[in-house]
Amino acid sequence: MRRTPHRVAGMVAALALAASGLGATVLTGATPAAALGNGTALTPPMGWNSWNSIGAYVTESQVKQTIDFMSANGLVQAGYNTVTIDDGWSMRHRDGQSTDFAKTADNAMQLYDGNGNPVSGTDGSGNDPTSGHLVPEPGQFPAQVVNGRTVNGIQYLAWYAHSKGMKLGLYATDTYTTCQGHPGSLGHESTDAADFVSWGVDFVKYDDCPYGPTITGPDGYAYYPQGEGKELTQSIYARTQTFQRALDAATGAAGKPKVTLSLSAQPAHTGIPYLLAANDPARTDPLITAAGTPPHQAPGYSPTGVWCGQVANMCRIGGDRDSELDGVLYNGQLQTALKYPGNVHPGSWNDLDMMFAGWQDTYGVWGVTDTDKGHKPFTDDESRTELSVLSMMAAPLISGADLRTAADSQHTANGYTWSTGITSSALSLLKNPDMIAIDQDGLAKPATLVGNPPASPTAPVVLKRQLANGDLAVALINQDPNNWAMISAGFADLGLTGSSYGYRELWTGATGTATGSLGGNWIPAHGVALYRIAGGSIGSGGGTGGTRPSVVGDGKYHAISAGGTAGQALEVQGGCYAAVGGNSDINAYQSGNAAQQWLFTPNADGTVTITDNCYTAAQAHTVLAAGAGVGSAYLLNPSPNNPWQKWKVTQNSAGALTVTNVGNGLTLDVAGSAAGSTGMTNPANPAAAGQRWTVLS
């Protein structure tokens, strides 16, 4: 949610008046949702969003410049593969009208009764007068010609992003208007979802921006602005669920991969209980009913961390952040994230807002023409701390920095010229592979707090996070903005029972052996030390850790190619709509082809399960398997502890993988070097080029 400053201040003040406690009335009659499980965002999404650096008037040219910069500077290769256009991309009316819609004095859309008379909508009634399709603002997103066909500016950028191996995200809202006053998707879900899918959009940021007057309830309680019409009778939960189902229907009809949905609703809105429809699905969702709903609030609003994974892939759990690090420390969004670990699992992530790591002041020359403390750029130490907190909490890594060249990101105002482009040092921090590996870890288990909550906003914080290969990640965070601190954590506090452990500090690369405790070195103001302890499984000692192949347990899907095949990729033969039980084969590599993407998940016994990225009506993440002897490598639904679905994966000094089936002891190979050659398991042969697999992406 992005609003003007005076609206944010008013909403925060009203929040302070909300009562706490449990005891909502539970009504029956609606079917609760199951966890979303749409097969996307199996690890925390990574990418860029236009709002923090460009704001409401982002243009096609600026997005294209960002795509080029991210592709050319290693960000896409590091995992930041999605560029999202935030609020302000569409015209201010749909194509069913020729003029912008009327607004009330509160900046809400003017609603009407059945006779065409204007109504306030504060009793939940009123009709939206708009119809038709959203249209990209032609001055910002002009039409382009792609392969001889004229497409709108959003369609063009989706094509351009895909050509660079990237994805495109787009902004919409579950309300009548967006935060910046453009048409929202409430009541137009099927139309907008179908358009987004047809344009090639891969990711949707779905915001919540209800405008309207303060409503006083029958009991005299003054609710701050909560919206009008359906915004009052349908919960955020219900409105998001409607749009998510429309997206699924649109991708199913088009035969395209499902779209990742990011819900940006925040705790500022609590609903009005007496206006919420009796059959709203939030009323009977088991997670919401178990948690209870505070007085003067409606189910399906705050806290989003209870229920968001039911209807979206990632969800904002706190308010908008600015470039003050406190917003992501314990008294900010970290404390909230620690409360809702149950919302964190593959396909569902707690969102701590866009990152300010590397962000530069867009409002002026910091310290010269602008001294607003919420605009001060992070130091590199603060950038490391923000990235460490988010990675420890398995949060999405969505950069808000200006990811363009210094020339493209140049500003001139008040006689000064400056660039908001990210610095080279901050860029290297974003790309730190060890930090990213923590964030994307396949176990998908967020960090927990070590010890008691900090006694003050400047007291240190220690976090620990269990990782898929048995290692333990530990963050020692100095919350003091002015003073260095010496922070350590004892093995007993970390749950470690061994006498000594090898470690690596992930920002400096320093390695060593810790005995009895970890840390004890000076950490800069607002700085962090981020450790990975080898073999640091809680309740166990020893272990080496960190020696497995890089693709195993990193939580990412990879394309792999057999030697001697000119870079052709292993794939599901026939693609993701082929029947389960079919073979694997090789074919020309296509970036973004889910049938050529493989997840290498470590098992407790040291073996690896290899799963494809297909998620269709025909098959959903089938597992690479082999038979009792020489023969094809084929795809089956997963079967726990089936030795023919387990593999041993090793990596040589040149980075090539050898993949050996546990059940038959044979090595993954190909029947030939031509496209369509079947994936095979054959006796190990060091001279066989097809048994040496390289990672393409």
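Which side chain of opposite charge is nearest to E382? The close-ups below start there. The model is predicted, so local features need pLDDT of at least 70, side-chain atom pairs count only at pLDDT 80 or more, and totals for chains, interfaces and linings use all residues. Residues are numbered from 1 along each chain as its sequence is written, and side-chain values use heavy atoms, leaving out hydrogens and water.

**View 1. E382 is a buried residue without a salt bridge.** K376 is the nearest side chain of opposite charge, 4.5 Å away. Lys and Arg count as positive, Asp and Glu as negative, while His and the chain ends are not counted. A salt bridge needs a side-chain nitrogen of Lys or Arg within 4 Å of a carboxyl oxygen of Asp or Glu. Buried means under 20% relative accessible area (1.4 Å probe, protein chains only). Leaving aside residues up to four places away in sequence, E382 touches L325, P377 and H526 (heavy atoms within 4.5 Å).

**View 2. W89 and F196 form an edge-to-face aromatic pair.** Their centres are 6.1 Å apart, with 65 degrees between the planes. Rings of Phe, Tyr and Trp (its six-membered ring) pair if their centres lie within 6.5 Å, and planes over 60 degrees apart count as edge-to-face. W89 is buried at a relative accessible area of 3%, and F196 is buried at 1%.

**View 3. W89 also pairs edge-to-face with W199.** Here the centres are 6.0 Å apart and the planes stand at 90 degrees. W89, F196, W199, Y206 and F243 form one aromatic cluster.

Definitions and conventions: Buried means under 20% relative accessible area, exposed over 50%, partly exposed in between (1.4 Å probe, protein chains only). Rings of Phe, Tyr and Trp (its six-membered ring) pair if their centres lie within 6.5 Å; planes under 30 degrees apart count as stacked, over 60 as edge-to-face and the rest as tilted.
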